[in-house]
Amino acid sequence: MRWSYPAAGAGMLLRDGDGLLAAIILLLLVLSAWLLLFAMAGQTGPFSGFLFSSETWQSLCMTPAGGLSWAVAGSAGIMGAAMAVAMMLPCALPAWQHLRRGGEWQRACAFIAGYAAVWIAISAIAAAAEIAAKQAFAIDPGAAAAVLAVLAGVYQFSRAKTGAMAHMRCETVAEAGTGGMLRGMHYARHCVRSNGPAMALMLATGMTDMRVMIGLCAGMLLEKIAPRPLTARLVGAALLGTGAAWAYGAFAA
């Protein structure tokens, strides 16, 4: 059974009160995470003072001069959790809706929890690694981003990418485990295989580069909606073009 996003199951969603409530909660979580990331990035606008001042949020994502500490680890955890919810949670919505359409509402919610837990942990580790790398090495962000973008673009054309995308189809979610959370964690594992190289761009561009984050989120969501080799190649071509542009800007300066 194929899943068409976002029209498929819309009528069922509106008729299912519990499903509608869960969808609203997920939407609010994603929107809150994006607002937090915009605040941490120092973006101006009506939400620049979301909950706390922009300076408070920006202080969380500034690389400290000293060594790693509990405060740094806490900041990395907040950054990683916000990034995972904002970017990766939308990518699981097609599979989540597929489970709901199969009458597995509770397992669908557990699926989201398992999926989010894996990505929050990975994103927090990546945020800490970014902070540690900036403290330990004098890295040119432009050159590093260009290299990582080209490598991620090449990966999009590989057999490993095609194999990982085979597990991104909504129909395979039911085969991922007996429990909803196990299904979510299993799905996240294949998602890491599929999108990990692209997400590694954040190590060079920073966890608060909103243009990169929005572009990556759009590309990954497109791959979940249409998990086909052609989709991966289109995203790969975009990454290669971006990497080439960044390389020109970094080495021509």
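Student: Is glycine 80 buried or exposed?

Tutor: This is a predicted model. In it, glycine 80 has 0% relative accessibility, so this residue counts as buried.

Student: Which helix is glycine 80 in?

Tutor: Glycine 80 lies in helix α4, which covers residues 70–101.

Student: And what does glycine 80 touch, leaving aside neighbours within four places in sequence?

Tutor: Its contacts are Ser123, Ala124 and Ala127.

Student: OK, zooming out. How many helices and strands does the protein chain have?

Tutor: The protein chain has 11 helices and zero strands. Along the sequence, the pattern reads α-α-α-α-α-α-α-α-α-α-α.

Student: What share of the residues is buried?

Tutor: Buried residues are 42% of the 253 in the protein chain.

Student: Now helix pairs. What numbers do I need to describe two packed helices?

Tutor: Two packed helices are described by the angle between their axes and by the distance between the axes.

Student: At what angle do α6 and α11 pack, then?

Tutor: Helix α6, residues 141–155, packs against helix α11, residues 229–252, at about 160°, and the axes are 7 Å apart. An angle over 145 degrees counts as roughly antiparallel, so α6 is roughly antiparallel to α11.

Student: Is that crossing left-handed or right-handed?

Tutor: The crossing of α6 and α11 is left-handed.

Student: Which residues make the contact?

Tutor: From α6, the residues include Gly142, Ala145, Ala146, Ala149 and Gly153. From α11, they include Gly236, Leu239, Gly243, Trp246 and Phe251. By class, the contact has 14 nonpolar, four polar and no charged residues.

Student: Another pair: how far apart are the axes of α8 and α10?

Tutor: The axes of helix α8, residues 180–199, and helix α10, residues 210–225, are 11 Å apart, with a packing angle of about 140°. The two helices are therefore oblique to each other. Their crossing is right-handed.

Student: Which residues meet there?

Tutor: Tyr187, Cys191, Ser194, Asn195, Ala198 and Met199 in α8 meet Leu216, Met220, Glu223 and Lys224 in α10. This contact of α8 with α10 divides into six nonpolar, two polar and two charged residues.

Student: Let me pick out glutamate 223. Is it buried or exposed?

Tutor: Glutamate 223 is in helix α10 and has 2% relative accessibility, so this residue counts as buried.

Student: What is glutamate 223 in contact with, leaving aside neighbours within four places in sequence?

Tutor: The list is Gln156, Lys161, Met165, Ser194, Asn195, Thr231, Ala232 and Val235. The C-alpha atoms of glutamate 223 and serine 194 are separated by 9.4 Å, and the two residues are 29 apart along the chain.

Student: Lys161 is on that list. Which helix holds lysine 161?

Tutor: Lysine 161 is in helix α7, residues 159–165. At 0% relative accessibility, lysine 161 counts as buried.

Student: And which residues does lysine 161 touch, not counting those up to four places away in sequence?

Tutor: Lysine 161 touches Tyr155, Gln156, Ser194, Asn195, Glu223 and Ala232.

Definitions and conventions: Residues are numbered from 1 along each chain as its sequence is written. This is a predicted model: local features need pLDDT of at least 70, side-chain atom pairs count only at pLDDT 80 or more; totals for chains, interfaces and linings use all residues. Side-chain values use heavy atoms; hydrogens and water are left out. Axes are lines fitted to C-alpha atoms, for helices over the stretch in contact, and angles run from 0 to 180 degrees between N-to-C directions. Helices (H or I, at least four residues) and strands (E, at least two) are DSSP runs, numbered from the N terminus. Angles under 35 degrees count as roughly parallel, over 145 as roughly antiparallel, 65 to 115 as roughly perpendicular and the rest as oblique. A crossing is left-handed if the near helix is turned anticlockwise from the far one by less than a right angle, and right-handed if clockwise. Contact means heavy atoms within 4.5 Å. Ala, Val, Leu, Ile, Met, Phe, Trp, Tyr, Cys and Pro count as nonpolar, Asp, Glu, Lys and Arg as charged, and the others, Gly among them, as polar. Buried means under 20% relative accessible area, exposed over 50%, partly exposed in between (1.4 Å probe, protein chains only).
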